[in-house]
Amino acid sequence: MSRPKLGLIGIVNEEAKQDFWGTMQRVAEIGYEGIEGGAELLKGDVKANVARFHGLGLQVATHSVNKEQLRDEKELDKVIREAHALQTKDVTFWWDVVDTREQLLRDAELYNAAGARFTAEGLRFCYHNHAHEFQRTFNGVYSLDILAEHTDPRNLFFRLDVAWITVGGADPAHILHKMAGRVPAIHLKDIYGIDEIGKWTAVGTGIVKIKESIDAAKEIGVEWMTVEQDQLRNLTGIETATVSYLNLKEKGLL
């Protein structure tokens, strides 16, 4: 079993606003192999930016898309062009509400159609979960399972967030195994309590089953595991990225 590549998302945003390239160099020096989201690279000479990014040893793990873009043919074409320019093969939609089963089925139809378009262009379309896809069930079935059941496995994949799965009351390793074949990436995130939303902490300092999640990710062939912390706790962004990396390394997970 090979280890998934290690990515980063969001944590160093403030540092990157001040010095994008200096921050990316520090991220690479810590040991990260890519980031999710490439908006900064799309400014100016994209080809040169991507080459410089690759020169640091980093890759763009996924591009992003919103729901309005999924519904608009021209916008969808634009996202596809950008993903190819960034030399990533994934495009991710970051979650939506799950009010009713009928709404879920309408969304599944949209995701399947957009996903078919991405698939035809050699890209993978991913859905990223939060907690509500597990907290909201219909006849005992998770909302996420309904999306999976009513979409073509070739057209919709899942970027599963192990902390949100935990907050949702499910077991990350179990969900990963159940979704095997449709999970190109996971988000590694930790929490120090589930009594309220927002108790984010550096990976390896909370209650999420990180080792079990990574073991499951390896077993099902996940390609990327991306470190994330929705809000910083007591450390700066770079400190948080560093501690999370070192905790994973200390546990022998890198």
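Modeller: Let's start with Asp171, which is partly exposed at a relative accessible area of 29%. On the scale used here, buried means under 20% relative accessible area, exposed means over 50%, and partly exposed is in between, with a 1.4 Å probe and protein chains only. Before going on, a word on the model: it is predicted, so local features need pLDDT of at least 70 and side-chain atom pairs count only at pLDDT 80 or more, while totals for chains, interfaces and linings use all residues. Residues are numbered from 1 along each chain as its sequence is written, and side-chain values use heavy atoms, with hydrogens and water left out.

Back to Asp171: its side chain meets that of Lys209 in a salt bridge, 3.5 Å from N to O. Asp171 sits in the loop between helix H9 (162–167) and helix H10 (172–178), and Lys209 in the loop between strand E11 (200–201) and helix H11 (210–220), so this pair ties together parts 38 residues apart in sequence. Lys209 is partly exposed too, at 45% relative accessibility. A salt bridge here is a side-chain nitrogen of Lys or Arg within 4 Å of a carboxyl oxygen of Asp or Glu. Helices (H or I, at least four residues) and strands (E, at least two) are DSSP runs, numbered from the N terminus.

Searching the whole structure turns up 22 salt bridges. Another of them joins Glu40 to Lys43, with the closest N and O atoms 3.1 Å apart. Glu40 is partly exposed at 35%, and Lys43 is exposed at 53%.

Now for a buried pair. Arg159 forms a salt bridge with Asp90, and the closest N and O atoms are 3.1 Å apart. This one links distant parts of the chain, 69 residues apart: Arg159 is in strand E8 (residues 157–161) and Asp90 is in strand E4. Arg159 counts as buried because its relative accessibility is 0%, and Asp90 is buried at 1%. What about a larger group?

Asp171 and Lys209, as I said, are partly exposed. Salt bridges that share partners join Glu36, Lys89, Asp90, Arg124, Arg159 and Glu223 into one network.

E4 and E8 both belong to a closed barrel of 8 strands, which runs E1-E2-E3-E4-E5-E8-E9-E12 with parallel pairing. Neighbouring strands of this sheet are turned by 30° against each other on average, direction ignored. Two strands pair if DSSP finds at least two bridges between them. Axes are lines fitted to C-alpha atoms, for helices over the stretch in contact, and angles run from 0 to 180 degrees between N-to-C directions.

Thr226 lies in E12 (residues 224–227) and counts as buried because its relative accessibility is 0%. Leaving aside neighbours within four places in sequence, Thr226 is in contact (heavy atoms within 4.5 Å) with Gly7, Leu8, Ile9, Glu36, Ile186, His187 and Leu188. Glu36 is also one of the members of the salt-bridge network.

After H6 comes Gly122, whose phi is positive, near 80°.
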